[in-house]
Amino acid sequence: MRRAISTQLAGWAVPLLSEAAALARSVLIARALGAEELGRIMVLALALRLAEMLADVGIERFLMARPGVIGPDLLAALHGAALWRGAVTALFLLALALPAAVLLSGAAEIATHAALAVVPLIRAFVHLDYRLQERERQLFPLVVVEGGAVVAMLGAVPLALTLAGDHRAIVAILGVQALAQVALSQLVARTTWRAANDRTVLAEIMGFGGPLILNAALMFVTFQADRLVVAGFNPAWSDRECEHARDLTEPALLLAGYDTRGVSLMERADALMPQ
C-alpha cells in the first residue's frame with residue numbers, strides 16, 4: 001500500500017516540478033535581463049512548443065498503451081521513430097525561423113530561432129527504457145531522468161545568462177536540459193540504446209498519433225495563439241486596459257522595461273501596481 005502511494009506521489013511530483021522549474025526560470029531571466037528580453041525568450045519557447053506539438057506523434061503514449069510485451073526490437077523501432085520526430089521538429093523550427101524573426105516586431109534574430117533546432121535533435125537520442133519501466137510501475141527512473149534534467153536546466157540558468165547576457169541564453173539552457181535528459185536516460189536504461197527504421201511500426205505509430213497531432217494543433221490555437229494576436233495587434237495598452245487586465249488576474253505580475261523610444265516604464269508600472 002505504501003509503495004503504491006509513493007509511486008503515485010512520484011508520478012505527480014515530476015510534472016509539478018517541471019512546471020515550477022519553468023516558472024523559476026522565467027523569474028530568474030526576468031530579474032536578470034528585464035521584460036523585453038523575457039518577451040523574446042517567450043516567443044522562442046512558443047516557437048519550440050509549436051514545432052514539438054506539430055511533430056509529436058505520441059511515441060511515449062504509444063509505448064504505454066500498446067498491448068503485449070515491448071521487446072528489444074520494438075524498442076529499437078520506437079527509438080528510430082523518435083529520431084524521425086526529432087528531425088521533423090528541427091525542420092519545423094528552421095521553417096519557422098524566418099517568419100518568426102521577420103513578422104514579430106522586436107523578436108530574436110533568425111540565427112537564434114534556427115539554433116533552437118538543436119534541442120529536438122538532442123532529445124531524439126533519449127533512451128525510452130525509463131518510459132518502459134514507468135509502464136511496469138517503476139517510477140524511480142522517471143524521477144531520475146525528468147527531475148535530473150530539470151535540476152540541470154535550473155543550474156545552467158546563471159551561467160548561460162552570464163555568458164550570453166540576452167535572450168540567446170535560452171538556447172543553451174534548453175540544450176543543457178536536453179543533454180541531461182539523454183545522459184540520465186542512458187544511465188538508468190537496462191539495455192543499450194539501439195535504433196531501427198521499421199516501416200510497419202512507423203505506420204502503426206502514425207495511425208496512433210495522427211489524431212494527437214490534430215488535437216495538439218487545436219489546443220495550441222485555443223490556448224497559445226492569442227499571445228501572438230496580442231503581441232502583433234495590441235502593442236500599447238492604455239492604463240485603463242492594463243488596470244482591467246490586472247483586476248481579472250490573481251495573483252497579478254506586471255513586467256516593465258522600456259518603450260520603443262528607450263523611455264523607462266517603471267514609474268507607470270508602479271502606479272498600476274500599488275504596493
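Residues are numbered from 1 along each chain as its sequence is written, and side-chain values use heavy atoms, with hydrogens and water left out. Because the model is predicted, local features need pLDDT of at least 70 and side-chain atom pairs count only at pLDDT 80 or more, while totals for chains, interfaces and linings use all residues.

The protein has 13 helices and zero strands (DSSP runs numbered from the N terminus; helices are H or I with at least four residues, strands E with at least two). Of its 275 residues, 37% are buried, meaning under 20% relative accessible area, with exposed set at over 50% and partly exposed in between (1.4 Å probe, protein chains only). Among contacts (heavy atoms within 4.5 Å) with a separation of 6 or more, 78% link residues 24 or more positions apart.

H9 itself is mostly covered, with 14 of its 20 residues buried. Its end C-alpha atoms sit 29 Å apart, which agrees with the 28 Å that 20 residues should span at 1.5 Å a residue (the expected span being 1.5 Å times one less than the number of residues). Leaving aside residues up to four places away in sequence, Ile170 touches Arg25, Ile29, Ile41 and Leu44.

Helix H4 also has something to show. Phe92, placed in H4, counts as partly exposed because its relative accessibility is 31%. With residues up to four places away in sequence not counted, Phe92 touches Ala51, Leu54 and Ala55. The C-alpha atoms of Phe92 and Ala117 are separated by 8.2 Å, though the two residues are 25 apart along the chain.

Together with Val102 and Ile110, Leu98 forms a nonpolar patch on the surface, with about 270 Å² of accessible area.

Note on methods: Patch = residues over 30% accessible without salt bridge, like charges linked within 9 Å, V, L, I, M, F, W, Y side chains within 5 Å. Areas by Shrake-Rupley, 256 points an atom, 1.4 Å probe, with all protein chains shown as cover. Salt bridge = Lys/Arg side-chain N within 4 Å of Asp/Glu carboxyl O.
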